[in-house]
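Please work through each solution step by step.

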Amino acid sequence: MSSNIYSVGLNHVGAYQVSGTPFFETQLLDPTPDTSIRFQFPKVTKRIIVKNTSSHTVRAHFVPWTNGEFGFTTDASTNNNYFSINSGEAMEFNVKCKEVFVSSSNAGGNNDFITVFAELTNIPAGRMFDLQGLEGVSQ
């Protein structure tokens with residue numbers, strides 16, 4: 001009798017083929033320019049939508065904007081590794097990750113919110129590798 005125990009992992013195709021578990025979070029845009037907001041997910045994502053309800057353009061990225069934020073040693077600003085999202089617009093990402101960051105070059109106001117929707121797999125976030133140091137993400 002085999003004692004192998006199988007569970008979902010990053011290369012488990014079935015985890016990405018089924019509908020994901022919904023995740024919603026809204027945060028106030030940081031009033032300090034070039035400061036990242038961090039959205040962490042309890043499971044690995046299969047799809048993310050970032051909606052900008054603020055009054056100005058924001059940036060979405062997969063590592064913090066500034067070196068040293070949240071303990072990261074690399075940042076998204078080095079080679080402009082980010083997507084710009086205009087006011088009132090949303091951007092969809094079909095990616096596996098455990099967190100996403102949003103920042104702005106302008107100061108946030110009282111009604112400047114960012115909303116993130118994610119489809120989550122059953123893969124624990126702890127199984128996802130860090131994206132810092134990857135070409136196109138922080139290099």
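**Exercise 1: The largest cavity**

F62, F72, C97, K98, E99, M128, F129, D130, L131 and Q132 line the largest cavity. The model is predicted: local features need pLDDT of at least 70, side-chain atom pairs count only at pLDDT 80 or more, and totals for chains, interfaces and linings use all residues. Residues are numbered from 1 along each chain as its sequence is written, and side-chain values use heavy atoms, with hydrogens and water left out.

Task: State how the residues of this lining divide into nonpolar, polar and charged.

Solution. 
Step 1. Ala, Val, Leu, Ile, Met, Phe, Trp, Tyr, Cys and Pro count as nonpolar, Asp, Glu, Lys and Arg as charged, and the others, Gly among them, as polar.
Step 2. The lining therefore divides into six nonpolar, one polar and three charged residues.

**Exercise 2: Two ring pairs**

Task: Classify the ring pairs F24 with F117 and F62 with F93.

Solution. 
Step 1. Rings of Phe, Tyr and Trp (its six-membered ring) pair if their centres lie within 6.5 Å; planes under 30 degrees apart count as stacked, over 60 as edge-to-face and the rest as tilted. By this rule there are seven aromatic pairs.
Step 2. The centres of F24 and F117 are 4.9 Å apart and their planes lie at 50 degrees, so this pair is tilted.
Step 3. For F62 and F93, the centres are 5.6 Å apart and the planes at 85 degrees, so the pair is edge-to-face.
Step 4. Ring pairs also link F62, F83 and F93 into a cluster.

How values were computed:
1 Å grid on protein atoms, 1.4 Å probe; cavity = no way out; pocket = protein on both sides within 12 Å on 5 of 7 lines; lining within 4 Å.
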